[in-house]
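Subject: Structure handover

Hello,

Please find the structure below, followed by notes on what was found in it.

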Amino acid sequence: MDLLNTLVDKGLRRELPTREEALAVLATSDDELLDVVAAAGKVRRQWFGRRVKLNYLVNLKSGLCPEDCSYCSQRLGSKAEILKYTWLKPDDASKAAAAGVAGGAKRVCLVASGRGPTDKDVDRVSETISAIKEQNEGVEVCACLGLLSDGQAGRLRAAGADAYNHNLNTSEATYGDICTTHDFSDRVSTVQQAQAAGMSACSGLIAGMGESDADLVDVVYALRELDPDSVPVNFLIPFEGTPLAKEWNLTPQRALRILAMVRFVCPDIEVRLAGGREVHLRSMQPLALHLVNSIFLGDYLTSEGQAGQDDLAMIEDAGFEVEGTDTTTLPEHRRQGCHGAAVEAAADAEAPATAVPAPSDETRRDLVSVRRRGAGTDLPPNA
């Protein structure tokens, strides 16, 4: 297929595809799916070999968020029956993190619900970062605390935070449809503050919220413009008790096409398979390893993932290897700070939006499992 040959060539040169080409990936048929995966896999192996980076989430504060993000089980007004608790103590958070590190995680992601941290919250998280790094040599720590105020990014960096996560989630044009308590520009500003403070930026998206193909391409191009070091791709988990509980728009095939499109647009960036992979990719998860070079190990914030040992077995069985702490994730040219030096500007050609797939008549609510173990409970974590 000429399209795929062109995209592989561009990916190996770190050249940005046109918007029309990105949209064409999403429009490929199921009969072409393995060809799409194989093509994107060539780009993935060029920059990351067969390595898979493992990340582990620790939910420092769960539920009771004042923001109204429609996709979130922790949102204002959510009726999802999730765990709710206030800040974990630094020692408790460090113990939770240690379980993930013992399972092979290279990065620990510290997440807290809320609009953004107070200065006292930053102090608390700083203590947690110190505790984790003292007990786990070589581990990376990423903070995800919401919108940052002036000076907070610098304080987190000084405390030892290696990265900061704040996702764009969806296109700027449709952002107001999923959230009214803050806007797209607030999220962009926080990512830029993290970068200015010297932290590695981590910013991604959520697919499956009823968006069009054009929306997906828009948010991925917005991410590429921000130039984060890692892009998590989440697939909506339709929690009962949230406004998007009936949005079951994804198939495993569509999820793989989305991941392939992200890889072509972000060829040398860490692409992370994040929340919802078990729900929507199901038995096709191993194929996604040919597209992404990073996954979360075990459970997520408010939902359970598959067993950590199953994650490790999947990686080994698919012929990949877990990336160790002695290996730098990003290619050398990105580590040297010349991000995108050889990248050409994207074409501005407008392409028609593809219609959103009709939801299946048979939703699989049995696939959504609320987290009841690990952080905030007396039960051991899944790692």
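Asn-169 is buried, with a relative accessible area of 3%; buried means under 20% relative accessible area, exposed over 50%, and partly exposed in between, with a 1.4 Å probe and protein chains only. Asn-169 sits in the loop between β4 (163-165) and α7 (175-178), where helices (H or I, at least four residues) and strands (E, at least two) are DSSP runs numbered from the N terminus. Asn-169 has a positive phi of about 75° although it is not a glycine. Most residues other than glycine have a negative phi.

Before the rest, some notes on the source. This is a predicted model, in which local features need pLDDT of at least 70 and side-chain atom pairs count only at pLDDT 80 or more, while totals for chains, interfaces and linings use all residues. Residues are numbered from 1 along each chain as its sequence is written, and side-chain values use heavy atoms, with hydrogens and water left out.

Other positive phi values

Arg-14 also is not a glycine and has a positive phi, of about 60°. Arg-14 belongs to the loop between α1 (2-12) and α2, and Arg-14 is buried, at a relative accessible area of 12%.

Helix α10 covers residues 252-265, and its 14 residues should span 20 Å at 1.5 Å a residue; the end C-alpha atoms are 20 Å apart, which agrees. The expected span of a helix is 1.5 Å times one less than its number of residues. Of the 14 residues of α10, 13 are buried.

Two helices that pack with α10 are described here. Two packed helices are described by the angle between their axes and the distance between the axes. Axes are lines fitted to C-alpha atoms, for helices over the stretch in contact, and angles run from 0 to 180 degrees between N-to-C directions.

Helix α2 (residues 19-26) packs with α10 at an angle of about 155°, and the axes are 8 Å apart. That makes α2 roughly antiparallel to α10 (angles under 35 degrees count as roughly parallel, over 145 as roughly antiparallel, 65 to 115 as roughly perpendicular and the rest as oblique). The crossing of α2 and α10 is right-handed; a crossing is right-handed if the near helix is turned clockwise from the far one by less than a right angle, and left-handed if anticlockwise. On the α2 side the contact (heavy atoms within 4.5 Å) is made by Ala-22, Val-25 and Leu-26, and on the α10 side by Arg-254, Arg-257, Ile-258, Ala-260, Met-261, Phe-264 and Val-265. The residues of this contact between α2 and α10 divide into eight nonpolar, no polar and two charged. Here Ala, Val, Leu, Ile, Met, Phe, Trp, Tyr, Cys and Pro count as nonpolar, Asp, Glu, Lys and Arg as charged, and the others, Gly among them, as polar.

Helix α3 (residues 33-48) crosses α10 at roughly 40°, and the axes come within 9 Å. The crossing of α3 and α10 is left-handed. From α3, the contact involves Leu-33, Val-36, Ala-39, Ala-40, Val-43, Arg-44 and Phe-48; from α10, Gln-253, Leu-256, Arg-257, Ala-260, Arg-263 and Phe-264. The residues of the contact of α3 with α10 divide into nine nonpolar, one polar and three charged.

Leu-34 is also found in α3. Leu-34 counts as exposed, at 57% relative accessibility. The C-alpha atoms of Leu-34 and Arg-257 are separated by 9.8 Å, although these residues are 223 apart along the chain.

Helix α9

Helix α9 (residues 213-226) has 14 residues and reaches 20 Å from its first C-alpha to its last, close to the 20 Å expected at 1.5 Å a residue. Twelve of the 14 residues of α9 are buried, among them Asp-213, Tyr-221 and Arg-224. The cover over the buried residues of α9 includes α2, α8 (184-196), β6 (205-207), β7 and α10.

Phe-239 lies in the loop between β7 (230-235) and α10, and Phe-239 is buried at a relative accessible area of 6%. Leaving aside neighbours within four places in sequence, Phe-239 is in contact with Ser-73, Ala-80, Ile-82, Ala-245, Thr-302, Ser-303, Val-368 and Val-370.

Arg-334 lies in helix α14 (residues 332-335) and counts as buried at 2% relative accessibility.

Regards
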